[in-house]
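These entries record what I looked up in the model, grouped by residue and by helix pair.

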Amino acid sequence: MSSTPIRVSVTGAAGQIGYALVFRIAAGEMFGPDQPVSLQMIEIPLELPMQALRGVAMELEDCAFPLLTDIVCTSDPEEGFKDADWCLLVGSKPRGPGMERSDLIRENGPIFTGQGRAINDHAGADARVVVVGNPCNTNCLIAMHSAPDLPDERFSAMTRLDQNRAQAQLANKAGVATTLVRNTLIWGNHSSTQVPDFFHAEIDGKPAYEAISDRSWLENTFLENVQKRGAAIIKARGSSSAASAANALIGHVRDLKQATPEGEWRSVCVRSDGSYGVPEGLISSFPVRADGRGGWEIQQGLELNGFLQEKLDVTVAELEEEKALVSDLLG
Ligand code: NAX
């Protein structure tokens, strides 16, 4: 067993996703069964969330996890991100009644400026940052701009839940196990304009569009089911996806740490270098391959046909609009 714990900062740790996440991190599911972890949980400086956070810490203690070396509960980002190896930015304000998406972007933007600065100044030298709090692509862009000392490639935002949803939809339709579906891929923004790609996905070694002959289902129902799954969960459960989001975040971090198997990729929102015509600097979901040593690259050479290109243009336009809305926060 490694003796040095990985320091993991989690914002919004008393929220729904936080509660579904921190126990799994402490159990070794994110960093492996031999890797000790230290949890630095951050909440807003109000009585109720801080009290709830202390309750989460009590339950963590009561699990007596062998890998959990240390628990910090704080509302101070400086303390919360101190020496952190991984900064998981889950907390943000939910969209309130009558709030437009643009209002949400403006409300949440400043949170990520402050957290980006605190990470820049206090996190570990090799810190990595993953943004889950919505709108996660643009919040990630803000955090990245607010942490100029950290290389841009250390920042990512999460479309792993959308990828998992797409994989499950294809498996259900084809009547096969999810393990037979690979390379499901999301392009663009983690929003309802995201582009779930069935052209590059495979089912039992065949292109998904050959394994599923119902082209209308692929082009319409599949896309909508994935794009609107979050809303469907809210309707069914009365609150938004939490366990599946926490599960996806575990997958996201593992994907970035482990070498991606040959011939495969994972959906990760990273800074565009101009690949696939996505303007440089936007945080967009791409097919990403990790090298297992902390590095990653955008998989090149996938063909974008007219169907995908048209949809990619829409989601990229939305990312550009979001960027314009927060231009004053991008330094
Ligand atoms: P909750 O409202 O249950 O929890 C959020 C928590 O964050 C609260 O406890 C709140 O006090 C805390 N918080 C707010 N501002 C904070 C700050 N500045 N510092 C520290 N903590 C802060 O939301 P939950 O269901 O856990 O969702 C969290 C975020 O994930 C939301 O923005 C949500 O939209 C987003 N999601 C992103 C997904 C993705 O795939 N990228 C999917 C799931 C989820 O919708």
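I began with the term polar contact, which I took as a pair of N or O atoms within 3.5 Å; within protein, one atom must be able to donate a hydrogen and the other to accept it, and residues adjacent in sequence count only if both atoms are side-chain atoms. The model is predicted, so I kept its limits in view: local features need pLDDT of at least 70, side-chain atom pairs count only at pLDDT 80 or more, and totals for chains, interfaces and linings use all residues. Residues are numbered from 1 along each chain as its sequence is written, and side-chain values use heavy atoms, with hydrogens and water left out.

**Ser285.** I located Ser285 in strand β13 (residues 283–290); helices (H or I, at least four residues) and strands (E, at least two) are DSSP runs, numbered from the N terminus. The side chains of Ser285 and Thr159 are joined by a polar contact of 2.8 Å. A polar atom of the Ser285 side chain also lies 2.7 Å from the backbone oxygen of Ile186. Is Ser285 buried or exposed? Ser285 counts as buried because its relative accessibility is 0%; the classes are buried under 20% relative accessible area, exposed over 50% and partly exposed in between (1.4 Å probe, protein chains only). I then listed contacts, meaning heavy atoms within 4.5 Å. I found Arg154 in the loop between α5 (136–145) and β6 (155–157). Arg154 is buried, with a relative accessible area of 14%. The Arg154 side chain reaches the backbone oxygen of Ala127 at 3.2 Å. Not counting residues up to four places away in sequence, Arg154 touches Ala125, Asp126, Ala127, Arg128 and Val129.

**Gly80.** I placed Gly80 in helix α3 (residues 77–80). Gly80 counts as buried, at 0% relative accessibility. Apart from neighbours within four places in sequence, Gly80 is in contact with Ser9, Gln40, Ile42 and Thr74.

**Helix pairs.** Two packed helices are described by the angle between their axes and the distance between the axes. I used axes as lines fitted to C-alpha atoms, for helices over the stretch in contact, with angles running from 0 to 180 degrees between N-to-C directions.

For helix α1 (residues 16–26) and helix α10 (residues 243–257), the axes come within 8 Å and cross at roughly 45°. That makes α1 oblique to α10; angles under 35 degrees count as roughly parallel, over 145 as roughly antiparallel, 65 to 115 as roughly perpendicular and the rest as oblique. The contact is made by Ile17, Ala20, Leu21 and Arg24 of α1 and Ala243, Ala245, Ala246, Asn247, Leu249 and Ile250 of α10.

For helix α4 (residues 101–122) and α5, the axes come within 8 Å and cross at roughly 35°. In this pair, Ile105, Asn108, Gly109, Phe112, Thr113 and Gly116 in α4 meet Thr138, Asn139, Ile142 and Ala143 in α5.

**Backbone.** I noted a cis peptide bond from Asn134 to Pro135, with omega near -5°. Pro135 is found in the loop between β5 (128–131) and α5. Ala64 is not a glycine, yet has a positive phi of about 45°. Ala64 counts as exposed, at 58% relative accessibility. Asp204 has a positive phi near 50° and counts as exposed at 51% relative accessibility.
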